[in-house]
Amino acid sequence: MQAKNTLAAAAVAGFSGVALGAFGAHGLKGVLSADMLTVYQTAVQYHLIHAVVLLALSLWLQVQPSRWLSWSARLMLLGLILFSGSLYLLALSGVRPLGMITPLGGVSWLLGWSALLVAAVKLKIPSHSL
């Protein structure tokens, strides 16, 4: 992903994370069971954390583009959709098999964080910065 697309994804993820969090806090209390509300809150928590990660990646991509950073951004976004998305759907629908998608999002995040590590290892630091 390019810096501009990653920044746009971060903005959409941040906006939707706040909106879904507010909806859960104000619209779903008393509607969902305590267990499903906890599932929903977990989705919001990881959603917002990875929105911030996407924001940081967009800034890094603007300063020093890298295919590893691009892959990290793609995988972070995919993880957000699969992990948080499946938990939102599970909490709202009660369809338990949707929970089988959640680990795919977790694996995507692990791969995204791994790609970020590779980008960090390959980071070229200018000699005047030492």
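Predicted model: local features only at pLDDT ≥ 70, side-chain atom pairs only at ≥ 80, totals over all residues.
How many helices and strands are there in the protein? There are four helices and zero strands, where a helix is a DSSP run of H or I with at least four residues and a strand is a run of E with at least two, numbered from the N terminus. Along the sequence this reads α-α-α-α. Residues are numbered from 1 along each chain as its sequence is written, and side-chain values use heavy atoms, with hydrogens and water left out.

Let's start with the whole protein. Its C-alpha atoms fill a box of roughly 60 × 25 × 25 Å, taken along the principal axes. Of the 130 residues, 39% are buried; buried means under 20% relative accessible area, exposed means over 50%, and partly exposed lies in between (1.4 Å probe, protein chains only). Among contacts (heavy atoms within 4.5 Å) between residues at least 6 apart in sequence, 73% join residues at least 24 apart.

Now take a walk along helix H4, residues 102–121. Its 20 residues should span 28 Å at 1.5 Å a residue, and the end C-alpha atoms are 29 Å apart, which agrees; the expected span is 1.5 Å times one less than the number of residues. The buried residues in H4 are Thr-102, Gly-105, Ser-108, Trp-109, Gly-112, Ala-115, Leu-116 and Ala-119. They lie on the same side of H4 because they cover an arc of only 135° around the axis, an arc taken from the directions from the helix axis to the C-beta atoms. These buried residues pack against helix H2 (34–63) and helix H3 (67–93). On the face turned away from the buried side, H4 carries the exposed residues Leu-104, Leu-110, Leu-117 and Val-121.

Ser-108 counts as buried because its relative accessibility is 4%. Leaving aside residues up to four places away in sequence, Ser-108 touches Leu-75, Leu-78 and Gly-79.

The protein exposes about 7700 Å², with carbon and sulfur atoms supplying 72% of it; accessible areas come from the Shrake-Rupley method with a 1.4 Å probe, and for residues only the protein chains shown count as cover. Leu-7 sits in helix H1 (residues 3–27) and is partly exposed, with a relative accessible area of 43%.
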